[in-house]
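Reader: I am new to this structure. Please show me how to read its features.

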Amino acid sequence: MNKNEVAFLLEEIATLLALKENSSVFEVRAYENAARALSSLDGDITQLVKEGKLKGTPGLGPTTIKRIEEMIETGSSPFLEELRTSTPAIKLEMMRIPGVGPKKINAIYDQLHVTTMSELEQACKDDKVAKLPGFGKKTQDKILQGIAFIAEHSNRFLYPIAEKEAARIREALATLPEIVRLEVAGSLRRKRETVKDIDMVLSIDDNAGSDVRRKIMDYFTSQPSVKAITGKGETKSSVVLNSGIAMDLRVVGDSQFPYTLHHFSGSREHHIPLRRRALSMNMTINDYGLFKTENGKEELVPCKDETDIYAALGMEYVVPELREDMGEIEAAAKHELPMLVQESDLRGVLHAHSTWSDGQNTIREMAEACMARGYSYLGLTDHSKAAAYAGGLNEDNLRRQWDEIDALNEEFAGRFLILKGSECDILRDGALDFDDAILAQLDFVVASIHSNFNLPPEEQTKRMLNAIANPYVDIIGHPTGRILLGRSGYTLDMEAIIEAAAAHGTCIEINSDPSRLDLDWRLVRKARDKGIKIPLGPDAHTLAGIDNMRYGIGAARKGWLRASDIPNTWEVQDVLHFFQTRRKR
DNA sequence: GCCGTTTTCGGCCCGACTGTTTTCAGTCG
């Protein structure tokens with residue numbers, strides 16, 4: 001059982017505890033904190049437990065350590081098992097209904113004895129929920145809507161979908177002359193790979209009146225992409241957009257904008273330690289402002305933007321992507337935040353397909369599209385023969401592809417270079433789909449798993465470790481195989497994979513397809529800290545697919561990557577030299 | 001359940017919004 005699995009069980013305890021009658025919110029929080037403390041801990045959890053080194057870790061106390069030890073030793077914990085047996089499944093299900101939390105769930109369960117979502121739905125239709133004390137017609141309707149919503153959509157959306165919706169609304173709002181500042185906030189601003197809803201904050205003149213606010217809200221809620229209005233006031237309105245994604249808009253006076261934007265940009269995890277820091281400096285921070293308490297008097301610390309807020313707290317500016325409580329608070333306080341990679345740092349593409357396998361465009365078209373985007377090289381990586389479903393190339397086809405590449409390179413000489421690569425399948429036992437003699441002739445090799453997703457974890461890990469140990473494997477492609485909102489990845493011991501990649505000097509890509517973003521940014525940070533180089537692979541199968549790179553940039557920045565960590569920010573001769581020399585080790 | 005240069009007990013981030021009440025609990029971010 002690895003660290004993340006244990007953290008997951010601790011979170012489960014927190015949820016189940018919250019659903020227990022008369023439970024303490026602080027006990028619940030203690031388990032949530034413990035789960036987070038564990039996730040960000042370095043080293044092998046089994047080893048740490050064996051050596052008794054968990055003691056002293058902030059957030060872990062005698063009880064939570066005991067639970068962790070039980071989980072490591074037995075795979076579970078009697079306490080958790082007890083909670084699971086005593087918690088009806090319907091209670092957990094009801095947690096997914098927006099606006100419904102532990103208290104309401106217990107009230108419904110205890111008084112109406114529902115055991116399934118459809119029984120709950122029926123109880124609402126029979127008007128029974130509205131009659132419960134503390135409930136009413138509106139709550140009941142909201143529950144009904146929630147049940148329908150859950151049935152209709154999974155409640156998260158891929159980043160690009162939310163981004164597109166937000167851009168459309170933003171563009172419309174920007175036409176209103178009363179608006180001074182306008183920003184997307186929330187997880188979208190932080191470039192999370194999936195988002196639950198869209199948050200937007202805009203400012204108007206401090207002296208503007210209710211009429212201006214009402215005009216803006218009327219305009220917002222009457223946008224064509226708005227499907228339903230779920231709340232409408234002068235400071236906040238909530239809607240559901242046509243795509244099913246929920247959106248909140250907040251309107252504030254301009255002097256308040258930085259504080260509100262910061263507040264609604266989150267994350268919650270970032271704000272908790274930030275507020276603690278503020279308190280230790282006799283300040284409090286909320287969405288209305290940053291206040292300094294002196295001689296018992298509270299005074300606003302004027303800030304014209306977010307940079308001022310962090311500066312007032314003795315910190316350098318923390319970009320939204322980093323606001324996840326992954327060490328950025330401490331680093332910003334020491335003025336040691338990394339210089340993060342930017343899209344303009346990219347020089348080339350290192351994972352793309354053509355019509356030779358399952359791509360939609362020819363090599364020439366792909367190359368010219370790269371040039372048009374300002375890139376100076378294209379690492380072409382069509383599939384290998386085992387990927388028959390994707391029209392993978394055999395050795396003969398591969399050699400013929402090289403002839404075409406040579407001819408194009410002659411034509412493009414001096415302005416662009418196509419690298420001969422392959423996205424070579426990792427076979428079931430970890431061997432590669434081409435033998436070494438072929439691999440040695442390629443400029444670089446991306447090795448990926450496309451089959452046998454369901455091997456036992458140990459076998460799957462061993463398979464990947466075998467591939468990493470192959471000197472001709474330069475890059476591991478989409479290392480976990482996850483499809484966001486679709487399937488979880490192969491079960492792999494990612495810590496062992498990262499260790500091995502570091503030892504062999506093998507790169508791990510961030511597959512920048514927005515439905516993958518694999519390696520996950522949380523692990524990107526760990527891989528970077530081990531010195532692993534992390535190329536951004538657009539995995540483009542079309543010309544538009546080349547633009548996936550920008551999603552990879554989001555994940556890279558969330559993973560604290562600098563340009564120097566990413567081979568395809570380097571000039572082409574440096575990339576080629578890097579692959580050649582790492583193979584000789 | 002965790003934590004502590006004012007604490008080993010009494011706190012725990014904090015405020016808006018909603019819907020229910022008639023002063024507030026629950027939920028959310």
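Reader: Is Tyr159 buried or exposed?

Author: First, the ground rules. This is a predicted model, where local features need pLDDT of at least 70, side-chain atom pairs need pLDDT 80 or more, and totals for chains, interfaces and linings use all residues. Residues are numbered from 1 along each chain as its sequence is written, chains are lettered from A and ligands numbered from 1 in the order written, and side-chain values use heavy atoms, without hydrogens and water. Buried means under 20% relative accessible area, exposed over 50%, and partly exposed in between (1.4 Å probe, protein chains only). Tyr159 has 8% relative accessibility, so Tyr159 counts as buried.

Reader: How many aromatic pairs are there?

Author: Rings of Phe, Tyr and Trp (its six-membered ring) pair if their centres lie within 6.5 Å; planes under 30 degrees apart are stacked, over 60 edge-to-face, the rest tilted. The count here is 8. One of them joins Tyr159 and Tyr551 edge-to-face, with centres 6.0 Å apart and planes at 75°. Tyr551 is buried too, because its relative accessibility is 16%.

Reader: Which residue has its charged end over the ring of Trp560?

Author: A charge sits over a ring if NZ of Lys or CZ of Arg is within 6 Å of the ring centre and within 35 degrees of the ring normal. Here that residue is Arg525, 3.7 Å from the centre.

Reader: How many residues surround DNA strand B?

Author: A residue is near a strand if one of its heavy atoms lies within 4 Å of it. For DNA strand B, 37 residues surround it, with Arg29 and Gly101 among the closest.
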